[in-house]
Amino acid sequence: MTFQQFLLILWARRKLALSIFGVTVLTTLVISLILPKEYTATTSLVIDVKSPDPIAGMIMQGMMAPGYMATQMDIINSDRVATRVVKLLGFEKSADAVEKWKEASEGKGTLESYYAAILQKKLDIKPSRESNVINVNFSGADPMFAAAVANAFAQAYIDTSIEMRVEPARQYSAWFEERQKGLRANLEKAQSRLSAYQQEKGIVVTDDRMMDNETARLNDLTMQLSAAQAQRADASSRQKSGTSELSLEVLQNPLVQGLKAEIARAESQLSQIGSNLGKNHPQVLQLEAQIEEQRQQLRQEIGRISGGNAVASKFGVVKQDELKKAIEEQKKRVLAIRSERDELSVLVNDVETARRAYEAVGQRMTQSNLEGQSQQTNVLVLSPATEPTQHSKPRVFLNVLVSIFLGTMLGVGAALVMELSQRRIRSAEDLALALDLPVLAELDSALPKAKKGFRFWSKFPVDRKTQEPVLKTGNQPAAAKA
């Protein structure tokens, strides 16, 4: 179908198309004027997702999720919020509302759920683009009632968000309180075991100072044993050297050295006198007796020194044995103290672990108590709803524009359907297509209709009702208008 054929069809069926167009527009206008007016009140809410929580001191990751705003919209449109709105508006106190509910539901269900469903149907929630603002719209016949319901939905949403935050915190607080009682009992038991062990072992100092003192004492005894062993070895070597005048003790003894010096002087004097006086001279005899006496003293002193070495050797053996016994006892004491300290460390660790668990649960319980008592929320009313002065529905101008478009489409569609159901020939092109023959002549439109039809269509049968020729192409008839 060409555009010219389309225009010819519309012109031929213009009455039908215009009738449908007029009826559509007129009907839409009448209905728009008859429909009751509705007023829409809007409350704007802003949701703060960037400020940290005043109690926890951190930003909740769930608030930054892409679906957070959609979740808040679902909460506003939930039955819980709608039921709270019914309670805030006091529907149960209105005798008319109660009577209407009884008549509609025959007493089944609850009044809150019945009116909540009605309010939800007229509620429209729209988020602002690329912002954290949510607009709560409510439509109603009464502008004052619409504003009241919109503000009630905002308040009910804020109260519900607080409840959803407070209720889990209160449950956690109760659980932490019960848990804290058990942890307190565990801490008391651990402290009792530690105190009983300290009393049993006589441990006063719980740090490592006592262990350090005992270890230092063991080290001191070990050093004394080493010194005693060295002294014993030295005494044994001196004892083995016997009475030798070349021994270190003899050489270092001042008395021995003095006696040797006196003997040397006496012998020198004796050699001088003996060469002059003779062997039997009294002075010579006296000097010899003196020298012998001094030699005897020297031998006695050397013997005394040798006896001292033997005594020192024996004393060193005794002292070494005593030190070994003391070291063994000190080792046992250090090992015993170390074992006690290990057991004590286990008990102290048990106490510290129980204390840390008790303190951690106490902190969480305190925080949960604060959260359970908090009435703060991240939702604020940006602009409350006010009584609208102009109705939002019906939109007469918009409805008329839509009806114009719809009426045009219906009129054109009806004309095309009518044309397809009763196909007519509107031009020479239609005739050529219908007969599959070329058009040889075209009558002048200025001639009378009867003559035109007679001259041009004389060889075709004529429809008795319309007085128009009927063309037959195969088994399909085609009507042509002169």
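**View 1. Ring pairs join F91, Y114, Y115, F138 and F145 into a cluster.** What you're looking at here, and in the views that follow, is a predicted model. Counted up, there are five aromatic pairs. Two pairs that involve F91 get their own close-ups below.

**View 2. F91 pairs up with Y115 in a tilted arrangement.** The ring centres sit 4.7 Å apart, and the planes make an angle of 35 degrees. Where do the two partners come from? F91 belongs to the loop between α4 (79–89) and α5 (95–105), while Y115 is part of helix α6 (residues 111–121), so this pair ties together parts that are 24 residues apart in sequence. Is F91 buried or exposed? With a relative accessibility of 13%, F91 falls under the 20% cut-off and so counts as buried. Y115 is buried too, at a relative accessible area of 6%.

**View 3. F91 also makes an edge-to-face pair with F145.** This time it's 6.4 Å from centre to centre, with 75 degrees between the planes. F145 lies in helix α7 (residues 143–201) and F91 in the loop between α4 and α5, so the pair ties together parts that are 54 residues apart in sequence. And how accessible is F145? Its relative accessibility comes to 31%, which counts as partly exposed.

**View 4. Helix α4 crosses helix α7 at roughly 120 degrees.** The two axes come within 8 Å of each other. Since roughly perpendicular stops at 115 degrees, α4 ends up oblique to α7. The crossing of α4 with α7 is right-handed. What sort of residues make up the contact of α4 with α7? Sorted by class, there are 13 nonpolar, two polar and five charged residues.

**View 5. Helices α5 and α6 pack at about 90 degrees.** Their axes are 10 Å apart. An angle from 65 to 115 degrees counts as roughly perpendicular, and α5 and α6 are therefore roughly perpendicular to each other. Which residues meet here? On the α5 side you'll find A97, V98, K100, W101 and A104, and on the α6 side L111, Y114 and Y115. By class, the contact of α5 with α6 has seven nonpolar residues, no polar ones and one charged.

Note on methods:
Residues numbered from 1 in each chain as written. Predicted model: local features only at pLDDT ≥ 70, side-chain atom pairs only at ≥ 80, totals over all residues. Heavy atoms only, no water. Phe/Tyr/Trp six-rings, centres within 6.5 Å; stacked < 30°, edge-to-face > 60°. Helix = DSSP H or I, 4+ residues; strand = E, 2+ residues; numbered from the N terminus. Buried < 20%, exposed > 50% of the residue type's maximum accessible area, 1.4 Å probe, protein only. Axes fitted to C-alpha atoms, helices over the stretch in contact; angles between N-to-C directions. Parallel < 35°, antiparallel > 145°, perpendicular 65-115°, else oblique. Left-handed = near helix turned anticlockwise from the far one by under 90°. Nonpolar A, V, L, I, M, F, W, Y, C, P; charged D, E, K, R; others polar. Contact = heavy atoms within 4.5 Å.
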